[in-house]
Amino acid sequence: MKLTISVIKADIGSIGGHLCPSQRLMETVNAYVTEHGANLLLDSYISYTGDDIAIVSTHERDPNDAEVHKLCWDAFMAGTRAAKDQGLYGAGQDLLKEAFSGNVRGMGPAVAELRFDERPNEPFLFFAADKTDPGAYNLPLYLAFADPMNTPGLMLSPGMSEGFRFVIMDVNYTEGDRVIELNAPEDLYGIATLLRDTERYVVESVWSRSTGEQAAAISTSRLHNIAGKYTGKDDPVMLVRVQKDFPATGEVLAPYAIGPYVAGAMRGSHQMPLMPVPLNSGISYFDGPPVVSCAAFAMQRGKMTEPVDAFAHPFWDTVRDAVARKAIDMRRQGFFGAAMLPMSELEYTGIMEKLKTLDERFVVRAESTHALPHRAIATARVG
Ligand code: 13P
Ligand code: 13P
Ligand code: MG
Ligand code: MG
């Protein structure tokens with residue numbers, strides 16, 4: 001059976017600033033999808049991660065289907081009305097366009113979709129992150145799909161021996177989709193060269209080279225490119241098919257034990273470690289730390305089982321403790337150096353006005369004391 005898994009997520013308002021959505025908001029979105037999606041969807045699952053609500057659905061339409069996207073857009077609109085009614089912060093935050101036009105790409109909500117022939121058993125993982133951007137998945141995906149140190153399946157599983165193809169997007173390019181296809185293992189250094197720059201290059205999809213099947217889909221939207229200013233972090237979602245010719249669930253999850261520093265947290269402007277958290281977790285310390293949740297599913301004819309909360313296992317408590325320590329360590333240096341994002345990322349925030357007024361107050365001295373020693377040296381050399 002050919003089917004599509006779609007995940008569409010948005011921040012449409014939250015309690016106490018950017019912590020988490022209200023119960024009524026969740027119920028409103030859920031009720032809307034259940035009622036209006038009855039004849040369109042095979043199944044759906046709604047959860048939140050931080051202040052973002054994700055709608056996971058299965059259906060027989062193609063990716064970017066107008067009706068599926070409109071259903072989710074309208075569910076978020078209904079939620080926004082509830083959020084306004086409750087006085088939630090940032091009601092409708094990610095709904096950046098007035099009217100729906102075909103699909104939600106470029107309108108604010110994040111989208112990841114996978115279309116495939118359902119296997120007799122179909123395990124897949126749904127990831128959602130808050131207070132960070134899509135580059136947060138670069139390292140976990142590289143390790144899961146390209147590094148035998150993390151993924152023994154690259155050595156042990158015949159279906160994985162040919163490696164995986166990475167489709168990487170240049171998210172700074174706004175005229176269209178600028179992408180490159182690179183194959184692991186041959187292009188490993190090229191993949192690493194791009195993926196280290198998480199603000200510019202992000203993995204959009206990963207494909208099996210043995211079967212040609214798509215293994216992973218990642219949302220790549222950068223909200224500041226749509227809005228032209230800072231309107232919140234992108235808070236990316238991701239779908240990953242696992243087992244058989246794909247990495248095992250454990251191989252996809254393992255990299256999150258690193259708790260790597262990613263862009264995000266307070267005002268989307270900092271470097272903070274990524275904490276794996278249980279489903280439906282809110283946000284706390286310093287509008288962070290950036291969090292990632294993972295729901296594991298099995299599926300039959302598009303009907304999903306209940307989700308298994310992949311990061312709820314006691315193992316991840318130790319990781320969370322380590323990430324909390326890393327977060328506190330980084331915060332000790334406040335705005336200094338590596339603690340904040342580079343200017344290229346901050347240019348969408350109010351810091352630009354501040355720099356402008358400061359720039360006007362700069363003066364150039366008539367006599368440069370600073371340059372004197374250099375001049376003296378230059379003269380000495382000539383002499
Ligand atoms: P099981 O023997 O539990 O199916 O595990 C197989 C496997 O490859 C796990 O990584
Ligand atoms: P969100 O993108 O999750 O709304 O966070 C915005 C923010 O600025 C938090 O400090
Ligand atoms: Mg928010
Ligand atoms: Mg958010």
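Biologist: What do the buried residues of H8 pack against?
Modeller: They pack against helix H7 (249-253), strand S11 (261-264), strand S12 (270-273) and strand S13 (275-276), with contact meaning heavy atoms within 4.5 Å. This is a predicted model, where local features need pLDDT of at least 70, side-chain atom pairs count only at pLDDT 80 or more, and totals for chains, interfaces and linings use all residues. Residues are numbered from 1 along each chain, ligands from 1 in the order written, and side-chain values use heavy atoms, without hydrogens and water.

Biologist: Which residues of H8 are buried?
Modeller: Trp316, Val319, Arg320, Val323, Ala327, Met330 and Arg331; buried is under 20% relative accessible area, exposed over 50%, with a 1.4 Å probe and protein chains only. They cover an arc of only 105° around the axis, so they sit on the same side of H8; the arc is taken from the directions from the helix axis to the C-beta atoms.

Biologist: And which are exposed on the other side?
Modeller: Thr318, Arg325 and Asp329.

Biologist: Switching to the metals, what are the protein donors of the magnesium ion (ligand 4)?
Modeller: Asp51, Asp52, Asp130 and Asp235, each through OD, at 2.0 to 2.1 Å. Donors are N, O and S atoms within 2.8 Å of the metal (3.2 Å for Na, K and Ca), and water is not among the atoms, so sites may look incomplete.

Biologist: What coordinates the magnesium ion (ligand 3)?
Modeller: Asp11 (OD), His18 (ND1) and Asp51 (OD), at 2.0 to 2.2 Å. Asp51 bridges ligand 3 and ligand 4, two magnesium ions 4.4 Å apart.

Biologist: Are Asp11 and Asp51 buried or exposed?
Modeller: Both are buried.

Key: Helices (H or I, at least four residues) and strands (E, at least two) are DSSP runs, numbered from the N terminus.
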